[in-house]
Amino acid sequence: MAEATPKKHQTEHWKRLDSVQDAESLRQESVNAKHHHLITEIETSDGPLATTLRAVYDDDELNKFEHLLDSTIKSHDREIERMCNYHYQGFIDSVRELLQVSTDAAHLRGEIDATNTALQVSCEPLMAKGDHLVRCRRVQKNIASAIEQLSLCLPVLEMYGKLQDQMKDKRFYPALKTLEQLEHTYLPRVSTHWFSETMTEAIPQLRNRIKEASMIDLKDFLENIRKHSAKIGEVAMRHAAEQNNMDPSIVKKKVKKRKAPAPPNPFTGEREDEASQDLHVSDNEEEEEELSAQDLIDFSPVYRCLHIYTVLSDRENFETYYRKQRRKQARLSLQPPPNMHDSIDSYKKYFHDIVGFFVVEDHILSTTQGLVNRAYMDELWETSVSKIVAVLRTNSAQCKEGSMMLEIKKLIVLFCHTLKGYGFSVGHLLELLLELRDQYSDTLTRQWVGVFNGIFVEDNYTPIYIENEAEFISVITQFPFQDEELQQAPFPKRFPFSEFVPNVYNQVKEYINACLKFSADLHLSHTEIDDMIRKSTNLLLTRTLSGCLSSLIKRPNLSLLQLIQISINMNYLEKSCTHLEEYISSITGAEKDSVHAARLHGTSMFKDARSEAEDYIYRKLNQKIDEFLDLAAYTWSQSEPSGNPSGYLMDLVAFLQSIFMSFTNLPAMVMCVPEKVAKTACMSACKHIAQSLMDFLLDNNVQLMTPHALQQFNLDITQCEEFAASEPVPGFNDGTLQLAFADLRQLMDLFLKDDWSTYLNEYGNPKAKYSRVQPHVAISIMEKLSNSEKKKTKVFASLKKNERDKKKLQELVLKQLKGLVNGQPAAQS
């Protein structure tokens with residue numbers, strides 16, 4: 001065992017050495033791979049090598065890396081040497097070709113030098129002739145200068161004489177031109193002569209005279225342009241209407257036009273008729289139609305005055321004066337005529353003045369340089385347009401007629417087209433048109449209140465009766481109604497609705513057409529027009545027509561049959577809403593966008609109106625029932641029953657039978673009025689009668705009641721039950737109507753049969769025989785019966801035994817009933 005142990009340790013030692021050697025070889029391979037990677041990164045990298053070099057120096061094997069780097073460099077050197085040896089012969093051939101080209105270039109240079117020398121020799125005669133020509137021209141120029149200097153004095157004297165003649169003839173515009181030429185051109189040439197000083201001293205006085213005369217002409221022009229500004233605006237708007245395919249009659253009827261005389265020649269000051277300063281009447285209206293607004297007035301005073309002040313270096317003062325005066329005139333043009341909202345001619349005059357003013361200014365802008373500029377025009381227009389919008393908004397709000405608002409809209413549109421053609425922004429006016437569109441809709445809505453009310457007043461509220469085919473076609477062309485059974489029926493025929501159905505339908509279409517007229521020339525898309533018309537139509541239906549129908553239904557003079565006819569009409573008007581939607585889409589051209597179009601609210605509105613009419617039918621029926629019930633005169637103290645129902649109740653039943661028979665005798669109504677309306681009216685009538693009869697029994701003013709009076713009252717209840725069982729309205733054959741009188745029936749049976757033991761024993765049981773009889777109701781009637789017995793006792797002091805027993809029974813029952821009311825259980829009888 002001692003020898004075996006060392007061998008074991010020796011074996012383990014050699015194994016560890018092998019492992020160390022393997023790890024060392026792996027580490028070396030890793031270092032070599034890392035060095036190769038770094039060298040590859042150095043060779044291929046185009047950017048900074050700071051990171052790579054840091055990795056080299058951080059490594060402990062720097063010497064091995066340098067050795068490997070040297071080996072790599074030597075390898076690349078050998079590669080470079082091998083490549084150079086490969087391309088050496090090509091380099092030698094290229095050098096030889098370059099030497100050959102150098103020889104050819106030297107030869108070409110020699111030829112060029114020879115050619116240049118020959119060219120210089122051949123041009124020497126030409127250069128000599130050119131120098132000679134220059135000397136000749138210099139001599140000629142000197143001769144001309146001498147002649148000019150010699151003739152300076154004569155033109156100055158001639159020009160001064162011409163100036164004197166022009167001033168004498170009051171031709172100030174050419175005189176200023178002559179004065180300018182004399183001062184700046186002629187007098188400086190003869191400044192050394194003595195007469196030039198005299199002429200120079202007279203020039204300022206002549207200028208002042210010309211300025212004063214030109215300013216007088218300008219003031220006359222401003223006054224004249226103010227008078228005729230409306231005429232200029234009218235012509236401009238008429239031309240704009242023709243250019244935009246609008247009706248020129250929107251502006252005004254054709255009248256004789258005035259034409260300004262031809263402007264004078266700006267250099268000579270001459271014109272065809274010097275005395276005619278105002279506008280004159282043209283004899284040929286067709287030629288007048290071709291004239292522009294600028295051709296209707298003479299602008300020469302402005303040009304002349306502007307030129308004079310420019311020449312006199314006082315242009316700035318003139319511009320300030322002109323703009324100030326025109327601003328004042330602009331304020332006058334922007335002032336609306338008195339009561340402008342009362343007349344469309346006042347609107348025309350207002351627009352004509354404004355357009356005329358800006359047309360004149362635009363013409364001045366385009367024909368002068370700087371007298372007015374675009375900034376001045378824009379500022380003036382922005383100030384004016386806010387005033388215009390305010391004036392139009394105020395006056396249009398007072399307009400009460402849709403036709404006049406439509407004319408105002410056309411004028412505004414034409415006004416916008418006219419000024420837009422002259423480069424003015426009309427965005428605010430277009431926004432105003434959208435406001436006016438809403439006002440127009442409101443105005444139409446107010447007008448249509450009278451239209452609808454007139455239709456309702458004229459209607460007879462009976463189905464339309466027709467006797468021939470022409471009348472039938474006339475109705476179905478006015479209102480979209482289709483009924484094969486009615487079409488096949490022989491004449492005469494009856495439509496289920498009255499006259500106001502097609503009349504209302506057509507007036508709604510007329511309203512839609514009127515709304516569409518306002519959208520013309522507004523450059524709105526089909527969808528926008530469609531949305532606008534649908535919105536306005538919804539307002540007409542939900543506000544105007546709904547209000548008119550509500551007022552109609554509430555009229556106290558309407559009969560029950562008329563209310564029924566109104567309910568029928570609502571049904572057909574409700575169905576016509578889909579046709580109105582299609583009509584709107586067809587006239588606006590928005591059929592393709594109908595999926596996204598807003599729906600009309602008329603369907604729900606007519607449903608509400610029909611529901612309101614039905615409520616009034618029930619209310620009206622109950623009112624008629626109350627009129628019969630008011631005739632009731634029960635003698636609660638009677639000693640014997642009459643044996644027959646009350647007369648008022650017989651009349652009431654006969655009335656109800658005739659009313660409900662009218663539902664079944666008119667096939668058109670049965671077809672249109674829902675069955676539930678007739679049933680509901682019948683049930684409401686029965687319940688109302690039952691409640692009224694119960695109120696008779698429980699009337700606090702009735703202090704006593706006899707059993708005979710109850711027997712008489714029972715006859716009336718029996719009559720009501722017979723009416724309910726007679727099925728006055730089809731569908732009530734299941735005993736539903738009789739339930740309306742069930743409370744009264746159980747109450748009468750209880751008192752007439754004196755079945756108190758059953759009532760008291762079964763009280764509280766839902767299936768009790770007298771479950772509908774309330775204790776407090778029984779107490780009220782029992783007390784009245786007891787009062788009657790007490791009165792009878794006072795009259796007859798001694799009663800029979802059965803009557804005394806009956807009285808005791810009543811007292812006992814009354815006591816037990818009061819106990820039930822107080823929550824005490826009923827005693828066993």
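Modeller: Let's start with a rule: a salt bridge is a side-chain nitrogen of Lys or Arg within 4 Å of a carboxyl oxygen of Asp or Glu. By that rule, Glu574, Lys607 and Arg610 are linked in a network of salt bridges. Keep in mind that this is a predicted model, where local features need pLDDT of at least 70 and side-chain atom pairs count only at pLDDT 80 or more, while totals for chains, interfaces and linings use all residues. Residues are numbered from 1 along each chain as its sequence is written, and side-chain values use heavy atoms, with hydrogens and water left out.

Biologist: How many salt bridges does the rule give here?

Modeller: The count comes to 21 salt bridges. Take Glu361 and Arg326, whose closest N and O atoms are 2.7 Å apart. Glu361 sits in helix H10 (residues 344–367) and Arg326 in helix H9 (residues 315–334), so this pair ties together parts 35 residues apart in sequence. Helices here are DSSP runs (H or I, at least four residues), strands are E runs of at least two, and both are numbered from the N terminus.

Biologist: Is Glu361 buried or exposed?

Modeller: Buried means under 20% relative accessible area, exposed means over 50%, and partly exposed is in between (1.4 Å probe, protein chains only). Glu361 has 0% relative accessibility, so it counts as buried. Arg326 is buried too, at 3%.

Biologist: Which residue forms a salt bridge with Arg772?

Modeller: That's Asp743, with the closest N and O atoms 3.2 Å apart. Arg772 is in the loop between helix H26 (756–762) and helix H27 (775–795), and Asp743 is in helix H25, so to speak a link between distant parts of the chain, 29 residues apart. Arg772 counts as partly exposed at 36% relative accessibility, and Asp743 is partly exposed at 32%.

Biologist: On to the nonpolar side. Which residues have the most contacts inside the largest nonpolar core?

Modeller: The general idea is that nonpolar side chains tend to be buried together in soluble globular proteins. A nonpolar core is a set of buried Ala, Val, Leu, Ile, Met, Phe, Trp, Tyr and Cys residues joined through side-chain atoms within 4.5 Å. The largest one in this model has 181 residues, and Leu429, Phe456 and Phe500 have the most contacts inside it. Helix H23 (residues 675–697) gives the most to this core, with 12 residues. Apart from it lies another core of 22 residues, including Leu152 and Met199.

Biologist: What is Phe500 in contact with?

Modeller: Contact means heavy atoms within 4.5 Å. Leaving aside neighbours within four places in sequence, the partners of Phe500 include Phe456, Tyr461, Leu549, Ile566 and Leu573.

Biologist: How do I read a helix pair?

Modeller: Two packed helices are described by the angle between their axes and the distance between the axes. Axes are lines fitted to C-alpha atoms, for helices over the stretch in contact, and angles run from 0 to 180 degrees between N-to-C directions. In this model the axes of helix H18 (residues 560–575) and helix H19 (residues 577–588) come within 4 Å and cross at roughly 35°. Leu573, Glu574 and Lys575 of H18 make the contact with Cys577, Thr578 and His579 of H19.

Biologist: And the whole chain: how many helices and strands are there?

Modeller: The protein chain has 28 helices and four strands. Buried residues make up 41% of its 829 residues.
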